[in-house]
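These are my notebook entries on one protein chain. I began with the sequence and the structure themselves.

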Amino acid sequence: MDWLYASLIGYFFGSIPTAWLICKIFYGINIFEHGSKNMGSTNVYRTVGGKAFAANLAIDVLKGMVPVLLSANLWPTHPQVIFAAAAFAMLGHTLSFWVKFKGGKGVATGLGVFIALSGYYALYALAVFLVVLLITRMVSVSSMVAAVSLPFFLWYGNVLGDYTIYITVFAALVALFVIIKHKSNIQRIIKGTESKLPLLAPKKTVSDDNEH
């Protein structure tokens with residue numbers, strides 16, 4: 001039953017539709033009707049601006065951190081159960097039952113998951129994300145490269161000792177999941193039509209571009 005409880009905890013926190021709530025409450029819009037029609041932080045940035053983006057990003061990261069840390073306290077001797085909470089937190093973010101099983105692409109929540117699981121190794125992947133973003137200004141490319149880099153950091157760092165192989169495989173599966181979720185972005189990258197992150201975010205929503 002521990003697996004079930006941990007999974008439910010993960011899904012509950014992960015499924016909170018942060019972007020939808022922020023845009024609906026403070027801007028009076030449905031984020032699924034604007035921009036990329038995606039519930040990710042990048043679409044929030046492009047659609048309603050930097051303040052909403054910052055709030056959304058912070059909460060999405062916490063959606064990954066909280067269930068992992070909570071499960072670690074509830075079942076400290078069962079680390080495999082903690083991975084269940086982590087996996088379902090990401091699943092909840094991408095398939096939230098609150099908004100008809102729609103959601104984001106799992107990057108920010110995944111960052112929160114791995115900050116809780118591996119500490120500063122996740123920050124190494126975040127650094128990779130920022131460097132690639134500065135070079136390409138494409139959030140999609142930065143997200144995929146950062147996700148792929150994380151398993152290598154974890155394996156090299158021998159994270160959690162005897163559980164290194166588990167967390168590394170989990171990170172590799174998450175990287176694959178992130179890549180699959182970016183299928184449409186990959187197609188646009190190949191065509192040379194992928195949108196680049198604007199240096200200045202709009203204050204109000206009107207954009208309907210193809211975005212991350």
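Val128 is found in helix α7, residues 120-136. I noted that the C-alpha atoms of Val128 and Ser142 are separated by 7.5 Å, although the two are 14 residues apart along the chain.

I recorded that this is a predicted model, in which local features need pLDDT of at least 70, side-chain atom pairs count only at pLDDT 80 or more, and totals for chains, interfaces and linings use all residues. Residues are numbered from 1 along each chain as its sequence is written, and side-chain values use heavy atoms, with hydrogens and water left out.

I then checked confidence through pLDDT, the predictor's confidence in each residue, from 0 to 100. The chain has a mean pLDDT of 90, and 92% of its residues reach 70 or more. Over residues 205-212 the pLDDT is below 50, yet this stretch has 33 contacts in the model beyond near neighbours in sequence.

Next I read the fold. The chain has 10 helices and zero strands; these are DSSP runs, numbered from the N terminus (helices: H or I, at least four residues; strands: E, at least two).

Finally I asked how much of the chain is buried. I found that 50% of the 212 residues count as buried, that is, under 20% relative accessible area with a 1.4 Å probe, protein chains only.

Key
Contact means heavy atoms within 4.5 Å.
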